[in-house]
Amino acid sequence: MEIRLIKTFQTIVKLGNFQRAAEALQYSQPTITIQIKKLEEELGVKLFERGKTITLTTAGRLFHERAGSLLQEYDDLNVALVDFIQGETGLIRVGASEPSASKRLPDILASFTRQKTKVQTKVTIGTTKELAGMLLEDRLDLVLCNQPEPHLELEFYPLLKETFKLIVPDDHPLAGREDLHLKDLKDEKFLFTPGSCAFRIRIEEMITKHIGKLRQSSIEVAGITVIKYFVQSKLGIALAPEVAVMPPIPGTVVKDVADLMEGPSLGILTRRNQASMSRISQGLVEEIKRMYA
């Protein structure tokens, strides 16, 4: 059923006769007559009783009641498609690893959705490896994460280098020390994230280079954003990205250590062929780049 036929029918009902409808739609009257005949043939019912005046049949009244909502849905669809093409609406599937998922992504999305009020967003939180896999399976449009292993189908745009801080309980002997170095931590019990974590890998590089073998056993915590709470409970000390531990929570102190290495790169991960990415997703990528320029 063609939308133009429904519009012709509704115009006739609104204006009361074929001639006025033809003038309003800028058709000839025979064209209007042909369109209504075609519509009646498609529906298999008679819509008008024709005489000196035209009146709706019972079927015509039923069709008229429903036709308005059909045309409104069609108009709404057209508006939605125009917005989508212009990058004003659509669904963005965003992935993020911690601590950026908690500490950075909310501000990014708040800034973006203030400009793009019609956008829908779905956020997935996971490890860089998990999110890269979802990106390859077309289950995500973009990912905010640390730099993954190279992949021919993925492209990583670096935004910044993470910086590390030392976090200790506020009554720890190191809490009041100045001019700290990594060798000063050799006797401490460390809290670590799992071995595959980019932060853990970099921290172990620093420990191997400046301390060697730790003198106490460590505790592994599966979440960079919760390590500070384990420090708060005096279970150990931790080297962690600054974004995950600032501002300090009660019962903890965040310290600089002179010889800390740079952390891993944080950036935007996308599929290499971005032609398949929607304009609204491309817009979010550009917004993130702008915020971290």
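Guide: Helices and strands are here DSSP runs, a helix having at least four residues and a strand at least two, numbered from the N terminus. The model is a predicted one. The loop to start with is the one between H10 and E11, where Pro247 has its place. Pro247 is joined to Met246 by a cis peptide bond, with omega at about -5°.

Three strands form an open sheet in the order E10-E7-E11, and their pairing is antiparallel. E10 and strand E11 (252–255) are the edge strands, each pairing on one side only. In general, strands of a sheet pair through backbone hydrogen bonds, in a parallel or an antiparallel way. Here four bridges hold the antiparallel pairing of E7 and E11. Within the sheet, Pro169 faces Thr252 of E11. A helix lies on the sheet as well: H8 touches E7 and E10, and its direction makes about 85° with that of E7.

Now for what is packed around these elements. The largest nonpolar core has 32 residues, and Leu166, Leu182, Leu185, Phe190 and Leu239 have the most contacts inside it. At least two core residues come from each of strand E7 (164–169), strand E8 (191–192), helix H8 (198–210), helix H9 (227–232), strand E10 (238–241) and helix H10 (242–245). As a general point, nonpolar side chains in soluble globular proteins tend to be buried together. Take Leu185 as an example: leaving out residues up to four places away in sequence, Leu185 touches Leu166, Leu174, Phe190, Ile211, Ile237 and Leu239. Another core, of 19 residues, lies apart from this one and includes Ile92, Ala96, Leu142 and Leu144.

Pro99 is in the loop between strand E3 (89–96) and helix H5 (100–103).

Finally, consider another region of the chain. Between the C-alpha atoms of Thr31 and Asp171 there are 89 Å, and 140 residues along the chain. Thr31 belongs to helix H3 (residues 29–43). Because its relative accessible area is 29%, Thr31 counts as partly exposed. H3 packs against helix H1 (residues 3–15) at an angle of about 110°, with 9 Å between the axes. The two helices, H1 and H3, are therefore roughly perpendicular to each other. Their crossing is left-handed. On the H1 side the contact involves Arg4, Leu5, Thr8, Phe9 and Ile12, and on the H3 side Ile32, Gln35, Ile36, Lys38, Leu39 and Glu42. Thr8 has a relative accessibility of 0% and therefore counts as buried. With residues up to four places away in sequence not counted, Thr8 touches Leu25, Tyr27, Ile32, Gln35 and Ile36.

The loop between helix H2 (18–25) and H3 holds Gln26. Phi of Gln26 is near 60°, a positive value in a residue other than glycine. Gln26 counts as exposed because its relative accessible area is 72%.

How values were computed: Residues numbered from 1 in each chain as written. Predicted model: local features only at pLDDT ≥ 70, side-chain atom pairs only at ≥ 80, totals over all residues. Heavy atoms only, no water. Core = buried A, V, L, I, M, F, W, Y, C linked by side-chain atoms within 4.5 Å. Buried < 20%, exposed > 50% of the residue type's maximum accessible area, 1.4 Å probe, protein only. Contact = heavy atoms within 4.5 Å. Pairing = 2+ DSSP bridges. Axes fitted to C-alpha atoms, helices over the stretch in contact; angles between N-to-C directions. Parallel < 35°, antiparallel > 145°, perpendicular 65-115°, else oblique. Left-handed = near helix turned anticlockwise from the far one by under 90°.
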